[in-house]
Amino acid sequence: MRAWQFRSQAAAMRLNQNTLLLGKKVVLVPYTSEHVPRYHEWMKSEELQRLTASEPLTLEQEYAMQCSWREDADKCTFIVLDAEKWQTQPVPTEESCMAGDVNLFLTDIEDPTLGEIEVMIAEPSCRGQGFGTEAALLMMSYGVTRLGLTKFEAKISQGNEPSIRMFQKLHFKQVAVSSIFQEVTFRLTVSEAERQWLLEQTSHVEEKPYREGSTEPH
């Protein structure tokens, strides 16, 4: 894989800067500065730090990280919103509807068709309702149809049973275990049959333009 081909593929990861994906339970929107304060509060949780293998950051560092994630060509990040809250009237702020985030990373310069996927439902009241599953399906469908991905990988803490069960339900197969990092690696190769299944699971999804700070009706 030539470097220019990787750069061209990686640049596509930033296509979501003006993309909103509307599902039944969740809405995916680009990660903007509006979302940082709530995200920062979430990541003070020792449980989330453990499950996501993350270190606590200051608020200033979190804003810098948001800029990095928005601009880096090898990352595609969406904030997960609670669709029911988001569609109520009067129109609420996105921050008040936040449930978690979902990310894709291009981790292999030799294979730009491989994306590492991460899903976090951080808001306790939003867990156990299928938000993570729909967010993952929306992101995988976006990765396949918009980013040219044909393989997905997920690295999950060994103690994170809900995430392990979720990815198994999404047809991922365990391929490795790291006792050093205490994590399990799952992988899915998107065959034609898997692609059709994925498109069927997300046939209800609407893709719309996203405008940061917009007060227009949903």
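**Chat about the core and the sheet**

Student: Which residues touch the most other members in the largest nonpolar core?

Tutor: Leu28, Ile117, Phe167 and Phe172, out of 38 residues in that core. A nonpolar core here is a set of buried Ala, Val, Leu, Ile, Met, Phe, Trp, Tyr and Cys residues joined through side-chain atoms within 4.5 Å, and buried means under 20% relative accessible area with a 1.4 Å probe, protein chains only. Keep in mind this is a predicted model: local features need pLDDT of at least 70, side-chain atom pairs count only at pLDDT 80 or more, and totals for chains, interfaces and linings use all residues. Residues are numbered from 1 along each chain as its sequence is written, and side-chain values use heavy atoms, with hydrogens and water left out.

Student: Which element gives the most to this core?

Tutor: Helix H7, with nine residues. Helices (H or I, at least four residues) and strands (E, at least two) are DSSP runs, numbered from the N terminus.

Student: OK, what does phenylalanine 172 touch?

Tutor: Leaving out residues up to four places away in sequence, its contacts include Ile117, Met140, Phe152, Phe167 and Leu188. Contact means heavy atoms within 4.5 Å.

Student: Switching to the sheet, what's the strand order?

Tutor: E7-E8-E6-E5-E4-E3-E2-E1-E9, an open sheet of nine strands with mixed pairing. Two strands pair if DSSP finds at least two bridges between them.

Student: And which are the edge strands?

Tutor: E7 (173–178) and E9 (206–209), each pairing on one side only.

Student: In which sense do E3 and E4 pair?

Tutor: Antiparallel, over seven bridges. Leucine 81 stands opposite methionine 98 in E4.

Note on methods
Buried means under 20% relative accessible area, exposed over 50%, partly exposed in between (1.4 Å probe, protein chains only).
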